[in-house]
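This report examines a protein structure one region at a time. Please keep the sequence and the three-dimensional view at hand while reading.

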Amino acid sequence: MSWWSFERRWLAVIWQTLLPSGTPGGLALGARDVPMDRFLDELLACAPRRVTLGARLCVWLLTFCPLFVIGRPRTFPALAEEERRAVLAKLGQSDVYLVRELPTLFKMLGALGFAGLPAVQAEMGLAVRDSSAPDWAGEPKP
Amino acid sequence: MSGAIVELGDVRDQARVEDAADVVIIGTGAAGATAARVLTEAGLDVVMFEEGAHVRQEQLRSDMWSSFKHVWRDLGFQVASGRAFTPVLQGRCVGGTTTINGAIIHRMPEKIWARWRDEFGLGGALPYPELERIWDVLDRELFVGPAPESVLGKNNSLMRTATERLGIAGNLIRRNVSGCEGSAHCNQGCPTGRRQSMNVSYVPRSVAAGARVYATCPARSLITRRGRAAGVVGQFRDPLTGARGPEVVVHARRAVLLAASAIQTPLFLAKNRIGVGAGVLGKRLQAHPGTAVVGVFDAPVEMYRGATQGYESVHYWDERMKFETVAMPPELAMARLPGLGPELMRELAQYAHLAVWGVQVRAEAHGSVRAGLFGGTHIAYDMTDADIRVLKLGVRRLTEMMFAAGARQVLPGVHGLPHAISSVDELSPLFDAPDDPRLFHTIAAHLFGTALMGGSAFNSVVGPRFETHDLPGLFVIDSSVFPTNMGVNPQHSICALAWLAAERLV
Ligand SMILES: Cc1cc2nc3c(=O)[nH]c(=O)nc-3n(C[C@H](O)[C@H](O)[C@H](O)COP(=O)(O)OP(=O)(O)OC[C@H]3O[C@@H](n4cnc5c(N)ncnc54)[C@H](O)[C@@H]3O)c2cc1C
Ligand code: SF4
């Protein structure tokens with residue numbers, strides 16, 4: 001099942017907030033620098049329907065939660081990066097289990113794409129066995 | 001007859017496949033492949049059904065997603081629900097879960113066997129000396145031995161340091177590997193074929209002895225004749241797209257063996273209305289839920305070098321916990337690390353300095369398995385409060401061990417605690433928190449008890465000879481029949497019981 005392009009953008013912003021580029025003392029690569037959009041296509045093509053449906057629902061929840069979480073009447077992608085991070089951090093500390101699992105879900109899905117890429121693994125210091133990217137990633141973005 | 005592994009691509013053009021064998025086996029994992037090894041070498045003709053694909057070594061990649069996609073069940077997304085969600089990890093491919101497992105070999109503890117004898121009356125059916133005789137053969141054939149120093153790597157040797165400094169028992173893990181290169185890729189599927197999982201050991205050995213394996217071909221129903229199991233019907237199906245191929249009908253002259261695992265076996269039985277009368281089918285699901293503790297060291301640990309799991313401690317087995325090292329792949333580490341945004345990116349940059357060790361609990365909880373909506377599987381599982389207390393203590397002990405080994409910080413991964421701690425005392429609030437599974441992220445990888453063995457059709461699904469009470473000729477030979485969990489890794493016990501069941505058919 002394909003997602004609306006705005007839903008794809010929302011998810012891209014979530015992943016870019018979780019995995020920013022050029023962190024001092026951290027990885028230089030971030031979600032913006034790798035083809036996470038193609039990983040989403042791969043997820044949608046292969047993952048069980050309940051997983052992709054659940055992820056879609058969670059994208060909506062996160063997009064419209066800032067008012068209730070930090071009192072800002074904006075969607076998640078419309079917030080400044082610092083505020084987006086504050087939303088994720090607050091959700092992650094929630095006493096309500098399902099709420100605090102929200103950031104974990106996006107982190108887990110993002111990790112399967114991002115941290116599986118040889119370029120990212122090399123930055124993490126791994127002795128990478130596969131020099132080519134996984135099928136879904138195709139050629140790296142220029 | 002000559003053996004072969006047949007997949008959807010080989011038969012796409014055929015309308016139907018028909019075959020016959022002395023014994024038909026459903027599942028090619030620890031139980032199914034072992035039974036095939038025994039039966040084929042005793043001269044019997046064997047056919048095996050396998051839902052997953054036959055993944056060749058050269059197809060295995062080192063990233064987790066590729067492995068999830070081709071080798072794991074449900075792409076690794078199978079979960080049990082309770083108060084918390086618990087991923088229930090299984091393989092789905094030729095070789096079953098042995099294809100992704102850590103190669104840890106243990107014999108069933110005698111205390112567990114004594115419990116099976118005293119509480120469940122199974123001493124006569126499963127004599128311990130018989131099991132020991134079989135384990136000796138399995139050890140030889142699957143190259144079982146302690147992890148050699150040459151592939152220990154730091155993640156494993158640090159746990160040894162910890163046990164020595166704290167004065168607790170620890171040991172090199174006995175593994176079923178031949179010439180392990182220490183690539184720490186066991187969970188992605190061994191890229192060099194060194195781990196003696198069933199896909200490189202008993203499946204090819206059985207095929208060489210004449211077995212036919214229908215892979216990408218889930219078994220669907222049973223053929224019965226004069227009140228006996230007389231065959232199996234399956235249908236080829238692409239594991240990823242679901243595209244269907246020809247139906248396969250295999251007639252069984254002597255027996256049908258069900259070895260589809262403690263999750264899929266009860267589902268198959270329930271679908272075929274077998275074993276439902278006693279009210280225990282799919283109930284009594286037991287597991288060894290576990291969680292991981294991450295240590296941050298000043299010197300590089302490089303857990304991607306060395307045996308994936310090479311060191312363990314069963315020192316506290318009587319307190320229902322076991323510790324083992326586990327080289328966590330970067331994707332799973334990223335999901336487990338506590339940070340978000342720049343903090344996460346800094347944690348990832350120190351991946352080479354992380355050590356990961358796990359605690360698995362011999363939990364007393366009972367869960368259940370049944371068919372879910374839209375052809376899915378519904379697994380319910382909730383650790384008891386007492387189990388959670390064991391888990392808490394296990395996390396505390398692992399944390400002590402990490403500091404004893406020289407960790408600068410520990411990332412306990414527990415809700416309500418700081419992301420990173422510098423002393424064990426900082427864990428204290430955990431013991432004031434409610435005994436709630438939602439404090440942790442746990443997984444379950446060892447599964448038992450969903451088609452219980454026992455003496456009577458009133459309280460069990462199979463009898464002491466592994467034959468179902470309801471349908472003569474149908475035998476359940478996987479860990480579904482285990483009356484309890486064991487507190488140690490189960491593959492060797494599963495193989496031994498399947499071996500015993502197969503020998504009795506010869
Ligand atoms: C990540 C991980 C690490 C582990 N590490 C260890 C370890 O180090 N040591 C250890 O002792 N244990 C370990 N285990 C557990 C161990 O591998 C399993 O307990 C064991 O493989 C179970 O054996 P089985 O034969 O019952 O099932 P499986 O090995 O799972 O095999 C069952 C097979 O049946 C197939 N099947 C299911 N339904 C059908 C159907 N309808 N038709 C056809 N085929 C079907 C499945 O696709 C599967 O291939 C680990 C498990 C996991 C998940
Ligand atoms: S550590 Fe590497 S070489 Fe050794 S058995 Fe596991 S995957 Fe194979």
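How much space lies in the second largest pocket? The second largest pocket holds about 300 Å³ of space. The model examined here is a predicted one.

## The second largest pocket

The lining of the second largest pocket consists of 16 residues. Those that lie nearest its centre are E7(B), A53(B), H70(B), T216(B) and P239(B). Two elements of chain B, helix 1 (8–11) and helix 3 (64–70), each give two or more residues to this lining.

Sorted by class, the lining of the second largest pocket comprises 6 charged, 5 polar and 5 nonpolar residues.

## Enclosed cavities

The structure also holds 6 cavities of 30 Å³ or more. The largest cavity has a volume of about 100 Å³. Its lining is made up of 17 residues, and C180(B), G182(B), S183(B), C186(B) and C190(B) are the ones that lie nearest its centre. In the lining of the largest cavity, 7 residues are nonpolar, 6 are polar and 4 are charged.

## Where chain A meets chain B

On one side of the interface, 51 residues of chain A are in contact with 41 residues of chain B. The area buried between the two chains is about 3800 Å², and carbon and sulfur atoms give 66% of that area. Within chain A, the residues that lose the most area to chain B are Y97(A), K107(A) and R129(A). Together, these three residues of chain A account for 18% of what that side buries.

H441(B) is placed in the loop between helix 12 (428–432) and strand 21 (447–448) of chain B. Leaving aside neighbours within four places in sequence, H441(B) is in contact with E101(A) and T104(A) in chain A, and with G290(B), T291(B) and G413(B) in chain B. H441(B) counts as partly exposed because its relative accessibility is 40%. The C-alpha atoms of H441(B) and F85(B) are 8.3 Å apart in space, although these residues are 356 residues apart in sequence.

## Helix 11 of chain B

Helix 11 is mostly covered, as 14 of its 20 residues are buried. After helix 11 comes G406(B), whose phi is positive, near 110°.

One of the residues in helix 11 is R397(B). Is R397(B) buried or exposed? Its relative accessibility is 14%, and R397(B) therefore counts as buried, since buried means under 20%. Not counting residues up to four places away in sequence, R397(B) touches Y316(B), E319(B), M321(B) and F323(B).

## Loops and backbone angles

Most residues other than glycine have a negative phi. R273(B) is not a glycine, yet its phi is positive, about 55°. R273(B) lies in the loop between helix 8 (261–271) and strand 13 (286–287) of chain B. With a relative accessibility of 60%, R273(B) counts as exposed. E302(B), likewise a residue other than glycine, has a positive phi near 50°. The loop that holds E302(B) is between strand 14 (290–296) and strand 15 (311–313) of chain B. The relative accessible area of E302(B) is 27%, so E302(B) is partly exposed.

In chain A, G22(A) is found in the loop between helix 1 (5–18) and helix 2 (36–46). Not counting residues up to four places away in sequence, G22(A) touches L27(A) and A28(A). The C-alpha atoms of G22(A) and D33(A) are separated by 9.9 Å, and the two residues are 11 residues apart along the chain.

Notes:
Residues numbered from 1 in each chain as written. Chains lettered and ligands numbered in written order. Predicted model: local features only at pLDDT ≥ 70, side-chain atom pairs only at ≥ 80, totals over all residues. Heavy atoms only, no water. Buried < 20%, exposed > 50% of the residue type's maximum accessible area, 1.4 Å probe, protein only. Helix = DSSP H or I, 4+ residues; strand = E, 2+ residues; numbered from the N terminus. 1 Å grid on protein atoms, 1.4 Å probe; cavity = no way out; pocket = protein on both sides within 12 Å on 5 of 7 lines; lining within 4 Å. Points joined across faces, edges and corners; volume = space filled by probe spheres on them. Nonpolar A, V, L, I, M, F, W, Y, C, P; charged D, E, K, R; others polar. Contact = heavy atoms within 4.5 Å. Buried area = accessible area lost by both parts, 1.4 Å probe.
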